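I opened the model and kept notes as I went. Each entry records one thing I looked up.

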Amino acid sequence: MALVSMIVAIGNQRQIGSSQKPGLLWRVNEDLKLFKEFTKNSTLIVGRKTFETLPKSMICSENRKFRVITKSLLLPNHSNVSTSPSIKDAIQSSQGERIVIIGGGQIYKESLFNLEILPLIDIIAVSEINTNNEGDIFFPEIPSCFTALDTEYFPSSTPNGLKWKFTVFSRNL
Ligand SMILES: NC(=O)c1ccc[n+]([C@@H]2O[C@H](COP(=O)([O-])OP(=O)(O)OC[C@H]3O[C@@H](n4cnc5c(N)ncnc54)[C@H](OP(=O)(O)O)[C@@H]3O)[C@@H](O)[C@H]2O)c1
């Protein structure tokens, strides 16, 4: 089975999104750049609801493939997008590729709480954004089988911008 990475950006309450308003709860350009860099040349596993919030420019870019998790049989209309009925199926169908799980809430939870999926995850990359912007979709605690490798601190890039830090958690040996 392939090894799998996960990437997420969380606020101070571990909030990642709002069911009332799809899309990110903040805008931190440097973090978006980091997301793009981390997910380059990879197959991204994504929940149907999050997929619907992604910009067209990202979906059409040639250096990412998307496996959209959905119970629906609708066929996607981009050549680099396919659907899978489960996260396990998506991973099995992406053998030999670099796989990154990019959310959202349901997909993160199902990956971290599923004893068939969790052992396949070797890296969890977490941006912690210093914001209390309200959300009602949350990222779970990092499982104890992971340890923080190193943390990079970023000042806000604009006078009123948000401070944030980026930590890579790696599976314990
Ligand atoms: N801050 C961050 O880093 C970050 C990252 C990603 C997303 N987000 C935010 O998270 C929010 C979306 O999260 P969400 O939890 O509402 O939705 P989601 O996880 O993106 O997608 C949920 C959908 O995935 C499909 N799905 C989930 N589990 C499945 C399973 N076991 N089998 C088959 N299909 C399954 C279903 O699609 P169907 O209904 O089509 O069957 C379900 O409705 C958005 O606000 C987004 O902006 C934040």
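**Entry 1: a loop and its cis bond**

I looked up Gly104 and found it in the loop between S6 and H5. Helices (H or I, at least four residues) and strands (E, at least two) are DSSP runs here, numbered from the N terminus. The peptide bond that joins Gly103 and Gly104 is cis. Its omega is about 5 degrees.

I noted the ground rules next. This is a predicted model, where local features need pLDDT of at least 70, side-chain atom pairs count only at pLDDT 80 or more, and totals for chains, interfaces and linings use all residues. Residues are numbered from 1 along each chain as its sequence is written.

**Entry 2: around the ligand**

I asked how many residues surround the ligand. There are 27, and the closest are Gly17, Gly47, Gly103, Gly104 and Gly105. A residue is near a molecule if its C-beta atom, placed from the backbone, lies within 6 Å of it.

Which elements each supply at least two residues of this shell? I found strand S1 (4–10), strand S2 (15–17), helix H2 (48–51) and helix H5 (105–113). H5 gives the largest share, four residues.

I then sorted the shell by type. Ten residues are nonpolar, 13 are polar and four are charged. Ala, Val, Leu, Ile, Met, Phe, Trp, Tyr, Cys and Pro count as nonpolar, Asp, Glu, Lys and Arg as charged, and the others, Gly among them, as polar.

**Entry 3: strand pairing**

I followed the strands next. Two strands pair if DSSP finds at least two bridges between them. S1 pairs with strand S7 (residues 121–129) in the parallel sense, over seven bridges. Ile10 has Glu128 in S7 as its bridge partner.

S7 also pairs with strand S10 (residues 164–171), this time in the antiparallel sense, over seven bridges. Ile124 has Phe169 in S10 as its bridge partner. Val126 stands opposite Thr167 in S10.

Strand S9 (residues 146–154) and S10 run antiparallel, joined by eight bridges. Asp150 stands opposite Val168 in S10.

**Entry 4: the core**

Which residues have the most contacts inside the largest nonpolar core? They are Val8, Ile45 and Val46, and the core has 32 residues. Such a core is a set of buried Ala, Val, Leu, Ile, Met, Phe, Trp, Tyr and Cys residues joined through C-beta atoms within 7 Å. Elements that give two or more residues to this core include S1, strand S3 (42–47), strand S4 (64–69), helix H4 (87–92) and S7.

Leaving aside neighbours within four places in sequence, Val8 is in contact with Ile16, Gly103, Tyr108, Val126 and Phe139. Contact means that two C-beta atoms, placed from the backbone, lie within 7 Å.

I looked at Ser94, in the loop between H4 and S6. Is Ser94 buried or exposed? Ser94 is buried, because 20 other C-beta atoms lie within 10 Å. A residue is buried if 20 or more other C-beta atoms lie within 10 Å of its own, exposed if 12 or fewer, and partly exposed in between, with C-beta atoms placed from the backbone.

Not counting residues up to four places away in sequence, Ser94 touches Ala2, Thr43, Arg67 and Ile99. Ser94 and Arg67 are 27 residues apart in sequence, and their C-alpha atoms are 8.7 Å apart in space.

**Entry 5: two positive phi values**

Arg14 is not a glycine, yet its phi is positive, about 70 degrees. I found Arg14 in the loop between S1 and S2. Arg14 counts as partly exposed, because it has 15 C-beta neighbours inside 10 Å.

Asn41 is also a residue other than glycine, and its phi is positive, near 55 degrees. Asn41 lies in the loop between helix H1 (29–38) and S3. Asn41 is exposed, because 10 other C-beta atoms lie within 10 Å.

**Entry 6: the whole chain**

I finished with totals. The chain has five helices and ten strands. Its C-alpha trace spans about 45 × 40 × 30 Å along the principal axes. Buried residues make up 28% of the 173 residues. Among contacts between residues at least 6 apart in sequence, 67% join residues at least 24 apart.
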